Amino acid sequence: MLHEIPVERIGPAGQVMADAVGTCVHCGFCLPTCPTYDALGEEMDSPRGRIFLMKEVLEGNLPIDEAVPYIDRCLGCVGCVTSCPSGVEYGELLTPFRATAEQVRKRSPFDRLLRRFVLETLPYPRRFRLAALLGRLARPLRRLVPGRMGDMLGLLPARIPPSERLPEVFPHQGQRRARVALLVGCAQQVLAPEINWATIRVLSVNGVEVVIPRGQTCCGALAAHTGAAWQARRFARANLAAFPDDVDAILTNAAGCGSGMHEYPLWLAGQPEEDAARRFAGRCQDVSKFLDELGLQPPPALAEPLRVAYHDACHLAHAQRVRDQPRRLLRSIGNIELVEIPRGELCCGSAGTYNIEQPEIAHQLGSEKARSILWTGCQAVATGNIGCMTQLATHLELEERPLPVYHTMQLLDMAYRVEHGASNGVPGPETSEAATASATAE
Amino acid sequence: MESPQDIPAVQELVRAQSRIRVRGGGSKSALAAEANVSLAGLSGMVQYDASEFTFTALAGTPVREVAEQLARHGQYLPFEPPLADDGATLGGTVAAGLSGSARYRYGGVRDFLLGVRLVDGRGELVRGGGNVVKNVAGFDLPKLMVGSLGRFGVVVELSFKVFPAPERTSTILAEFGHLDTAMAAVDRMATSPFDLMCLDVEPPNRLWIRIGGIGDALHARLARLTSLLEMSDARIGMFADDAEIWQDVSQFRWARENANLVKIPLVPSEVPRLEARIARWNGEVTRRYGVGGTVAYLAWSEPTVREGLESTLAAAHRSSLALWGDWPDPRLGPSTDNAMSDRLAAALDPQGKFAIAAAVAAPPGS
Amino acid sequence: MPFNELLSDLAALYPSDRLLTAAAQIMPYESDGLTAFRGRPSGVVLPVTADEVVETVRLCHRHDVPFMARGSGTSLSGGSVPVPDGLVIGLNRLNRILRYDPLHRVAVVEPGVINLRVSEHVAADGLYYAPDPSSGPVCTIGGNVAFNSGGVHCLKYGMTANHVLGLKCVLPDGEVVTLGGESLETVGPDLIGMFAGSEGLFGIALEITLRLLPRPEVYRTFLAAYDTLSAAGDAVSMVVASGLLPGAMEIMDRLAIDAAEAAVNAGYPADAQAVFLVELEGPREEVAAEEVRLMKLLDDSGATEIRVAKDDAERLTFWKGRKSAFSAVGRLSPDFIVQDGVVPRSRLGEALGEIERLSQEFGIRVANVFHAGDGNLHPLIMYDGRVAGALENAERLAGEILRLCIRMGGSITGEHGVGLEKRAYLGEMYEAADTRTMFAIRDAIDPKSLANRGKMLPDAEAPALASHGAHPLEQQGVISRM
Ligand SMILES: Cc1cc2nc3c(=O)[nH]c(=O)nc-3n(C[C@H](O)[C@H](O)[C@H](O)COP(=O)(O)OP(=O)(O)OC[C@H]3O[C@@H](n4cnc5c(N)ncnc54)[C@H](O)[C@@H]3O)c2cc1C
Ligand code: SF4
Ligand code: SF4
C-alpha cells in the first residue's frame, strides 16, 4: 500500500517500518487470526487497521495519542504475520512504533507506577520471587484489591516453589552429540523451575551437554514489547556478552524469550553491536526445534494413555514459525494422542504484560481458549511457553475444569523417566501431576 | 393476436399498445390465456458456438429445436425445460420460471440464463447480462425475468450456458411400503454424495431416481445406490433405457387427462402434510413431487378442488402458479409481490402495460 | 449538517463503543482491498442486531445521509470504499448462524458470517457451502451476496446467487422485504437473483438462507506444468471440449507462481511457465473413470509435468498457493491492481497473448491468475505508487485490458463487481439504453440514492477513473489515493 512515510526523519527503524506498511495490500487475510479483532470486532483493533493507523501517524496525519489506544490493545502475538500472504513483517513495525509511542505518551500516575513495578521486578528473578511470594500472601485478598492489581494476583500460582540453583554445566549422557547454552528465563525460573530441569534432563538423555552461562539476564522481550527500548537494549548487550561462542546453539524453552532474542538485531539496529546481535540471533533456537533436528532418542511410552491438546504459543508458532517440531516430538511419545485445538492460531491472551495492561480482553481471550481446549476432550495440555501455561491453567480453573498444563519438555522428561526409573540419578525437581497442578488448584 | 417477426416490430407494438400480454408456444395454457401478442415468429438460434458451451436464441425459439441442436454436439440444457413436445419456447420457459426434474443436479433455469434482451414498457430495447459464462457487471436483469410472467417487459432474446450431456443415464424405480419411508429415503439421498440427476416422488410410495455420467462408472454407481435403497426395504426396478420415462415426466404425461395443473414450491418435510390435506379435498387430485420433494405438481379436473387448494395455500403460506386451466390470475396463494418488485415494475413499465391479469390484480382503490 | 442530526439520533440507538466518529476510529474504514482509493466517512456504526440495521437505515433516510454496508472490506473494486461524509454500517458483528437444518440442507445466516465458517459449521454432516472465493477465510456472506462472488469451484455449481434461497433485506428507505424461502423451487420473479450482485445499491441483506450441498465423495486434484502460458490455455480448451466437467480449472503464470511460492511454499514446479490446476469431484467410480480420460488429455496437451495430489493435505496445499496468489503478489510489487475481465473461453489464448503484448507496450509487469474454466481473467498489474505517474499508467493498462474483454464479447467483471473502479467501463460494455435502465431501476428502488451512492453506476457527479483525468471527488479533496 502506498505511503508517504518520511523514512529518513524517523531514524534507523524508519525503513523497516515503511517496508512493512508498503508490503501490506489491505487484503484482510490477517483478520481471522487476530485475537483482538475476534474479540472486539472493529477495524482499528485489527492488524490491517493498526498498520493503517501507524501509517497515518508516521505520515503525520494523525496525532499519535489518538492511535495509541488501539496499538496498546495489540498483543504482539504476530498471528497476523503467519496468515499474511503478502509477507508483512508486522512485528518490525510494531516494536519501534511502540518505542516511539512510549516517549510521547502521558500515563496516569497509577499506570506509571504499575508499569515501573512490572518492568523493575519481572525481569529480575530475585526481585520477582520476592514480589511473587508477597503477592501469594496477598492472594486471598484478591477480591478486595481493585482492578488490574487484583488480576495480576489472580495469575500467581498457589505455591511459589523453592529456588534451586541450576548447575553451570550439565553433562550429557552417552555419546556427546552437541553442546548448547541455555537461557533459563527470569519469571520461568521463579514460577516453574521444573521446566528448566526437565529441559536439561531431556537434552542430557539425548547426548547434549548443557551450559548455563552465569552472566545471563532477562532476554529483554518484555521491555521491548512495552516500548522500554533502552532497557531492552541493556539486556540484549548483557546477554551478548554472557553467552559463549563455543556452543552449537543457544537454546530457549520459553517462546517469548526465543522470539525476543531473534529480535536483537532490530533492537540494536544502528548500534555497534548490530553485527554481533545478528550472529547471536542466528544461533538462537527453541529447544523443540533443536531436538527435532538433532533427532530424538526414541522416548518410551507413558504408563497410561494420555490425550493431549497442543497449544501453539504465539511466540513459537507465529514469531519463530515453530509449529510442527514440538508436535513431532510429542507424537514420538507412545501412549500420547495429540489433538488440535479449534482456531488454534488465536492467542490465549497472555502475551507478556497484556494481562496487566488489558485485563478485560486478556480475560476474554483466556476463557475462549480454555473453552476451545475443553471442546477437544483432552486430558492435558502441552505448550512451549510459561506465560501461556499460567494463562491456560488459570482459565481452565475458572471454567471449573482444571487440567494439567505441561511444557513440551516436561512430557518428554516424564516419558524418559518411565524408562530410567523415577530419579534417574539426575537431580532437580520433577514434573508430577502435583507439581503442575500447583499452578491450577487453589 | 399480433405476431411480430422481428425485434423492432415488438418495440413498435409495445409503444403503440396500452396492454401487452405475450404468449410463446402456448404449452402452459393458464399463462397464455389473455395473450394478445405471440412471439412464435421471433424464433431461431442467433449464435451457437459449441466449443464455447453457450448459445443465444430468440425468445420464441422452441425448446425442442434447441435441444436437438445441442444434442448434435453432445450438449444439453441441464435443467431440461418441460413441455418441449407441446411447443414450449425459451422465452416462455424463462417467464414461467419452469425447470424440469433434472434441475436437481446442477440448478434450474435461473442458474443457466446468462443474458437477455428485452423490450421495456417504453419500447426500448434493453440488454442485461451477457453471453459469457461469468459476468456480474450491472444489475442482473436476466434473473429478474425468471418467473416474472412478462411483468417487466417482453423478453426477445436469451443467452444460456450449457453443459456436456451425460454419456449414459439410468433410472431406478424404488417402491416403498409407505410415503414416510420413501421420504426418509429422499432425505438420505439428498444428503449423500451420489450426484443424482433427478429425484422425484410419485405418491403414494414411489421414488424415481436418475443418474448420468460416464458409461464405465454407471454400473458400479447403480449397484451402490440400489444396495442403499434395499436397506430401507424398497422394491427396485431398473431402467437402462430411460429416455422415454423422463420425456413423459417432462410432458406431465401423468397429468394429461386433467384440466388443471399447478406448481407449488415447498420443502420435503411438507410433502406428507400436503398429502394429508389433499386427501380431505373435494375431488380427485393427481400429484407428483419433483426435485427431491421441493416442488409439488398437482393436477385435477373437478372444479370443486379449487377451494381446498386455496385454503391450503393460505394456511401453509405458500404461493403457487397455475400452468394449465382457466384462471383469472395464474398466481395463486399469497402474493409474491412486494415493495421491491413493485418498484422494479414502476421502473421498467411505468405505464403498467405488462400487468398480469390487470383486472384482478389491481389492488383495491387503485 | 444532516450528519450531525443523524448523529444525535444514532447516539440514542448505539452505545458509544459502537458509534465511531473519532479520526483514529474511522480512518481504518477508509478503504477496502483496492487501496488506490479511499473515502472518509463521517461515522461508523457497528450494529449487533438486524433491528439496529433497519433503524439505522431509516434514520439515514430521514436525514438524507448516504450509507454503505460493510462486511470485511475485501472488495477488490472499491465497492466498500465509504461514501464520503456518509455512514458506514459495519456488519461484521452480525455473525450468527441463525438456523441450520442438515436434513434440508439449508443454513440461515446473518450477513456478517464469514464465508468459510459456513462450510466449517456444516462439515460434520458431510455438507458444504459451494461458493469459495479465495478470500473465503475473511469475506462475509453479506459481501458475497452484494457482489455475487464466485470462486475457483464455481465452474460446475455457479456463484453466490445460485446458492441463495432466501433473503431478508432492508431497502434504502427502511422498508423490509422477504424474498424467496427455503425451497429450491420458486414462483414469482427471481428477486433474489436481482438483489445478488446489486453491490449494495438495493439496500442491506439482513438474513440469508443458503443452500448447502453434500460434499463430493472424492476429489482428485491435478497439477500440470507447461512451458508456455498458451499451452496451458490450450489444455483448458481440450478439457472443455472433451465433455469432462471438472469442479475447478485454474491457471497461474510464472510471476504468480513465484509469488505464491514465496507466500505459502505450495511446491509448484520451479521452472514451469504456467501451471494448470484441475479438480475432478464426484462419486468415486465416476471420478475414477474421468481421471483416466483427464490423464490422457493432459499427457497429450504437452504438459512437462503432471502431479496428482496424493491426499487431502496435498490437495489443500495446491489450492492454498492459488488462493493466496493475489495478496502474495504484494511480495513482488508494492502496489498492484487486480483486474477481473471475462472473455469467451475459446479465446483465452488470444486474450492472454494480447495482455502480454500490452504489458510489454506499457512496460508494466502483469501476473496472471485466472479461473480458466470460465474465461475469467485476473491480470495483476504491478506498479510502484511512489513513482510519479505509475498508478495512472497502470490504470491505463487496466483499462486497455477491460476494453479488450469488451471487444471479445466478454465482460468487465466476472466476480469482483464494478465498484468504484470500473464504473467508467460499464457504459462501454452496455448501450446507453441499458445503462439508462439501470439508473431507472436504481432511482425507483432508492430515489435519494442513499445506498452505496457512487458505486457501479457512472453517476454524473462521480464518473471516472484517473485514466480519464482526476476523479472529481478527488479534485474536491473528498476522496484521495493512498
Ligand atoms: C485476496 C483476495 C481474494 C479475493 N478472491 C475473490 C474470489 O476468488 N472471488 C470473488 O468473487 N471475490 C474475491 N475477492 C473479492 C472480495 O473478497 C469479495 O468481493 C467479497 O464478497 C467481499 O466481501 P466482504 O465481506 O469483504 O464485503 P465488503 O468488501 O465489505 O463489501 C463489498 C460490497 O458489498 C456491500 N455489502 C456488504 N455487506 C452487505 C450486506 N449485508 N448487504 C448489502 N450489501 C452489502 C458493500 O457495501 C460493498 O459494496 C477477493 C478479495 C481479496 C482481497
Ligand atoms: S494479511 Fe498482510 S497484506 Fe493483508 S491486510 Fe493483513 S497485513 Fe496487510
Ligand atoms: S500481533 Fe496479534 S493482536 Fe496484534 S495485530 Fe497482529 S494478530 Fe492482532
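This is a predicted model: local features need pLDDT of at least 70, side-chain atom pairs count only at pLDDT 80 or more; totals for chains, interfaces and linings use all residues.
Residues count from 1 along each chain as written, chains are lettered from A and ligands numbered from 1 in written order. Local features need pLDDT of at least 70, side-chain atom pairs count only at pLDDT 80 or more, totals for chains, interfaces and linings use all residues, and side-chain values use heavy atoms, with hydrogens and water left out.

**View 1. The domains of chain B.** Domain 1 covers 7–164 + 338–361, domain 2 covers 168–250 and domain 3 covers 253–332; the bounds come from an automatic or database domain assignment. C-alpha centres of domains 2 and 3 sit 24 Å apart. Domain 2 puts 14 residues into the contact and domain 3 puts in 13 (heavy atoms within 4.5 Å).

**View 2. Buried area between domains 2 and 3.** About 1100 Å² gets buried here, 56% of it from carbon and sulfur atoms (accessible area, 1.4 Å probe, lost on putting the two parts together, summed over both). On the domain 2 side, Met183(B), Pro203(B) and Asp248(B) lose the most area to domain 3, together 38% of what that side buries.

**View 3. Charged pairs across the domains.** Domains 2 and 3 share three salt bridges (Lys or Arg side-chain nitrogen within 4 Å of an Asp or Glu carboxyl oxygen). Asp248(B) and Arg253(B) pair up in a salt bridge at 3.3 Å, N to O.
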